[in-house]
Amino acid sequence: MPNITNDDVDVVIVGLGWAGSIMAIELAQAGLKVRALERGPDRPPEDFAYPKPADQYAYAIRNKVFATPRDAALTVRYNDAETALPTRKWGAFAPGTGVGGSGLHWTGVLIRPTTTDIKLKTYADHAYKRGILDPDMRIKDFPFTWDEIEPFFDKFDKICGLSGNTGNLKGVIQPGGDPFEGPRSNPYPLPALHDTLNSSLFAETARKMGYHPFPNPSANVSQAWTNPYGAQLAPCNYCGYCSKYPCLNYSKASPQTTILDVVKRMPNFSYRANANVIRVDLHADKKTAKGVTYIDEQQREVFQPARIVILSSFQFANVRLMLLSGIGQPYNPITETGTVGRNYAFLSNGDATLFFKDKHFNPFATAGATGEMFNDISPGNFDGAALGFIGGAKIHSSQATGAPIGTALPKGTPGWGKGWKEGMVDWYGRSMKIGITTTCMSYRGHFLDLDPNYKDPWGQPLLRMTFDWRQNELKLQRYLRGLVLDIAKELKPDAMSETFLGLDSHWDITKYVSTHNVGGAIMGDSPRDSALNRYLQSWDVHNVFVPGGNAFPQNFQANPTAMIGAITLFAAEAIKQHYLKNPGPLVQV
Amino acid sequence: MSTTKINLSRRTLLMAGAAAVPLVSIPVYRARAAGLEGVELQHYQPVFFSAAEWTFMLAACDRLIPADGKGPGALETNVPVFIDQQLRAGLGADVYMDGPHKNDAASTLGFQHNHTPQQMYRIGIKLAQQYSQQTHGKPFEQLAAADKDAVLTALEKNTADFAALGDPTLKASQFFGQMLDDTKNGYLADPMYGGNKDMKAWVAIGFPGARAAYTEWVDVHDVKYPLGPVSLSGKRA
């Protein structure tokens with residue numbers, strides 16, 4: 001039994017990143033007594049005043065504001081016949097930690113999925129004849145309509161000062177934006193960021209070729225902004241230290257800049273940093289939680305009683321906590337019983353790097369979200385069925401950072417010696433990328449569970465991830481490669497290199513892709529095949545809500561944060577309007 | 001469902017161990033870091049490497065990023081100072097090191113062997129010197145440049161067989177990879193970490209360092225940026 005018991009609260013929030021911060025302010029503003037517990041350190045904005053973040057070695061190489069594998073590793077294997085091995089160093093993904101979570105240092109691309117993306121199963125059943133798609137695919141619709149969720153996308157856009165070009169305003173297509181986006185009730189709050197050389201070259205060429213490019217929708221704000229909570233952001237100064245870095249300018253929408261300054265002033269909100277929640281404690285009947293147990297800064301076990309438990313510690317950490325706490329049944333991929341751990345998905349990327357010996361790209365003068373993209377190749381907007389796969393990708397030329405460690409050099413440049421050094425002198429600032437960020441379907445055999453061999457520093461089993469590329473995603477990559485190379489050739493670079501997956505590629509966990517891991521505790525219409533209902537409420541333990549990317553039944557090509565913000569706001573509203581008056585399951589089946 | 005008793009004593013032990021080796025990637029000894037920018041390489045006393053290891057590192061860095069050709073070399077930019085300081089400051093303390101270790105795992109499953117960077121350098125330098133002696137009859141630092149490059153290439157390609165030289169747990173290519181990454185990091189990082197002396201590497205490639213404010217410049221396309229770099233300590237070059 002824990003040594004210490006805290007005072008009662010109405011709501012305990014596990015993890016103070018984006019989802020936790022949204023829940024914190026929405027529920028505190030409704031008058032509840034809210035306490036957040038954050039595993040990592042406090043991260044006050046003054047720690048990130050200029051010039052401190054302008055330090056590539058600390059933030060982007062040594063991952064200063066990320067979780068460490070020592071404390072937060074998972075194990076990985078390609079299929080359930082293998083023994084999983086630990087992620088001893090980060091590679092393909094890298095989770096955040098600390099107050100603000102990854103929201104402190106994310107790139108800031110804030111883009112919605114399409115209307116087709118949220119009803120992908122319905123689309124697939126209609127567009128694909130039987131036998132085309134892998135029978136192990138387990139894609140599902142999100143359990144809400146576009147009209148139900150749109151006001152919450154809109155609210156999160158305003159919280160973040162979304163900057164870009166409106167594409168579809170109440171059903172009317174607008175010039176300069178994404179003609180494929182779902183209808184918006186309101187225009188973008190702020191105009192687009194400025195284009196850099198790479199993105200203007202790309203957009204001009206893509207447009208000529210018949211695509212519909214638009215500026216990457218950005219949560220690095222283009223102008224001064226005051227959000228609905230009263231928090232203020234300053235116009236981005238394109239400092240070049242964005243993706244993986246805390247913002248030195250109060251321009252990146254983060255939990256700190258958009259929410260925490262406000263909620264921390266409320267007397268009914270409190271938080272503890274360096275508080276590692278190790279389990280949710282359930283009542284004997286397992287139908288409700290009584291609170292959570294955490295290890296504090298002095299290594300003491302502390303019990304935090306609460307009426308409502310929010311798990312917002314990041315996608316895979318949420319799933320792990322559910323498994324460690326006995327919330328819901330663990331998924332069995334053979335029998336397909338149990339729901340906690342199923343429908344895990346990831347995403348893939350790829351790119352061509354174009355070298356121009358006489359151009360000055362000045363890659364250091366950039367915001368995180370800088371770039372242009374098009375969504376012409378997204379499900380429902382092109383004939384994927386005829387090509388034999390389901391999915392699509394953002395095709396874009398982005399430039400999230402320009403610091404020199406890791407500069408791409410043309411093929412044939414030696415890896416060290418005089419040739420490497422002179423390659424850096426000749427080619428730093430002389431290249432641009434055209435890349436893809438793809439969808440990823442969910443499959444019966446891709447799932448999360450607890451590892452039998454490896455433990456964390458607190459003695460608890462690591463989360464085990466079973467995942468690899470399937471033919472659907474690899475065929476998609478080969479198709480997209482062709483499109484990207486066609487665009488690249490139009491730009492006539494002096495040299496070009498490429499990285500795309502091949503049809504026989506295994507998932508390479510050493511190469512960074514993105515930390516858009518999704519699934520594992522998905523939302524759905526039925527407790528048979530989902531862990532959460534449409535309000536992110538556990539079907540099994542009705543006072544536990546689990547907002548995060550874990551809720552996605554598969555991954556779409558849009559970055560996940562906009563959706564996570566929207567579904568969290570949607571859930572917060574349901575808690576305020578319905579759950580508080582009548583605690584119990586919000587959806588009857 | 002788990003009622004695992006939390007192994008607090010293990011955690012306490014780990015924390016106590018960690019306290020001796022800073023976890024944070026910025027060296028915790030700011031006072032020393034402030035002094036690193038003024039270091040003269042020939043007067044520098046290493047804090048991690050032994051004198052013999054230091055001799056090897058100077059010679060190796062001098063070939064990994066040599067002095068000749070466009071741009072400064074690793075010695076001119078104090079890269080070995082960076083590496084020495086980083087190893088002393090706990091480079092690698094964030095890695096998950098619990099066993100069992102599967103040393104022969106597929107490379108796509110990532111780093112799996114059980115050496116810290118500090119161990120990799122200790123073992124790697126020792127065995128690289130043995131290889132040099134065996135293959136060329138001299139210690140590494142006494143070889144001609146072309147032979148030094150041949151030894152480094154043998155480490156890189158793993159044709160230097162560390163198992164045959166007495167240690168089957170570490171591959172030469174793993175040691176080389178660590179050393180090369182650290183060398184490039186030291187060359188291009190802010191000078192406060194001890195390398196990139198006087199921002200010479202940044203000057204050579206045209207990177208403005210910690211200026212980090214380009215509101216007017218983002219709209220100026222395809223024009224060479226005219227200003228030199230600034231460092232985190234506020235120096236200009």
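I began with a strand pairing in this predicted model. Strand E2 of chain A pairs with strand E14 (residues 301–311) of chain A in the parallel sense, over 5 bridges. I looked for a bridge partner in E14(A) and found A:Ala306 standing across from A:Val9.

Next I checked E2(A) against strand E3 of chain A. E3(A) covers residues 34–37 and also runs parallel to E2(A), with 4 bridges. Here A:Val11 sits opposite A:Val34.

E2(A), helix H1 (residues 18–29) of chain A and E3(A) form a β-α-β unit, and I noted its hand as right-handed.

Is E2(A) mostly covered or mostly open? I looked up burial for residues 9–14 of chain A: 5 of the 6 are buried, so by the cut-off of 20 or more other C-beta atoms within 10 Å the strand is mostly covered. I kept a general point beside this entry: side chains in a regular strand alternate between the two faces of the sheet.

I moved on to the contact between the chains. Chain A puts in 65 residues and chain B puts in 60. Which helices of chain B each supply at least two residues to the side that touches chain A? I listed H1 (8–20), H3 (51–64), H7 (172–188) and H8 (200–205). H1(B) gives the most, with 5 residues.

I got 32 nonpolar, 14 polar and 14 charged.

How values were computed. Residues numbered from 1 in each chain as written. Chains lettered and ligands numbered in written order. Predicted model: local features only at pLDDT ≥ 70, side-chain atom pairs only at ≥ 80, totals over all residues. Buried ≥ 20, exposed ≤ 12 C-beta atoms within 10 Å, placed from the backbone. Pairing = 2+ DSSP bridges. Right-handed = clockwise from strand over helix to strand, strands pointing away. Contact = placed C-beta atoms within 7 Å. Nonpolar A, V, L, I, M, F, W, Y, C, P; charged D, E, K, R; others polar.
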